Amino acid sequence: MSEHGAWREVADGVLVRRYAELEQALGLVIGTRRCLVIDTGRDEVHGAEFASAVREVTTVPWSVVLTHAHFDHAFGTAAFTPCPVWAHARCGTALTGTAEAQRAEWTRHYRHEAKHAFAEALQRARLELPTDTFTRGATLDLGDRQVRLLHPGRGHTDHDVVIHVPDSGVVFAGDLVEQSAPPSVGEDSHPADWPAAVDAVLALRPRIVVPGHGDPVGPGFVAAQRAMLAGESRDT
Ligand SMILES: [Zn+2]
């Protein structure tokens, strides 16, 4: 089983690569001197497909940013290294602390679904840790444009990162926002804090928000999802 993604350009030099598996959305922001790869996929096979697709659209050197430590966002990093790998300061600890449990859980899942190639690739995936970390935010210079990395507070995890591309009004929200399904609330999520993190995304006044799973959405969709999250956190 192999899988190819499909590009969608949401703004000038701002692209999303969509995959059928998990309805995933990986990102790319292209500048004149560097590009920024947003999340790296489930494993090195998936990461390598994404990396070669990036190379088809730009030849400038890449940096990586991980929105959080879940396997589908972070286990493809070895296909991109050596390069700067940006993340929140808690992401590395989350990766080293949970990688083997995530690997075991999702390998079982893919075997159960008879997606054996995905299971094997996940088993083999080499863990790469962040090289450049921050707690509140960081600004990356891509040449003709700057991109801002921000931690909007706890939500889907305690180390979520959103990526703001101010010149195009695009925000990559990681799994703080999902379009293809309701947001995924896990044991490592912080439901009571999550609405405030989404407020921080909306405060950037984005025109387009790219979720971790599903298609790009507008601020109205994000506001509705925030209300749903706020309701849920009152009930639990
Ligand atoms: Zn996640």
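A residue is called buried when its relative accessible area is under 20%, and exposed when that value is over 50%. In this predicted model, Asp175 has 4% relative accessibility and therefore counts as buried. Asp175 is also one of the protein donors of a zinc ion. The points below describe the zinc site and then Arg124.

**Zinc site: donors and geometry**
- The zinc ion takes its protein donors from His68 (NE2), His70 (ND1), His156 (NE2) and Asp175 (OD), which lie 2.2 to 2.3 Å from the ion.
- Along the sequence, these donor residues follow the spacing H-x1-H-x85-H-x18-D.
- The arrangement is irregular because the angles subtended by the four donor atoms run from 89 to 173 degrees, whereas a tetrahedral assignment requires all angles to lie between 85 and 135 degrees.

**Arg124**
- Helix H4 (residues 116–124) contains Arg124.
- The relative accessibility of Arg124 is 55%, so this residue counts as exposed.
- When neighbours within four places in sequence are set aside, Arg124 is in contact with Glu44, Val45 and Arg103.
- Between Arg124 and Arg42 there are 11 Å in space, C-alpha to C-alpha, although the two residues are 82 residues apart in sequence.

Note on methods: Residues numbered from 1 in each chain as written. Predicted model: local features only at pLDDT ≥ 70, side-chain atom pairs only at ≥ 80, totals over all residues. Heavy atoms only, no water. Helix = DSSP H or I, 4+ residues; strand = E, 2+ residues; numbered from the N terminus. Buried < 20%, exposed > 50% of the residue type's maximum accessible area, 1.4 Å probe, protein only. Contact = heavy atoms within 4.5 Å. Donors = N, O, S within 2.8 Å, 3.2 Å for Na, K, Ca; no water. Tetrahedral: all angles 85-135°; square planar, octahedral: opposite > 155°, others 65-115°.
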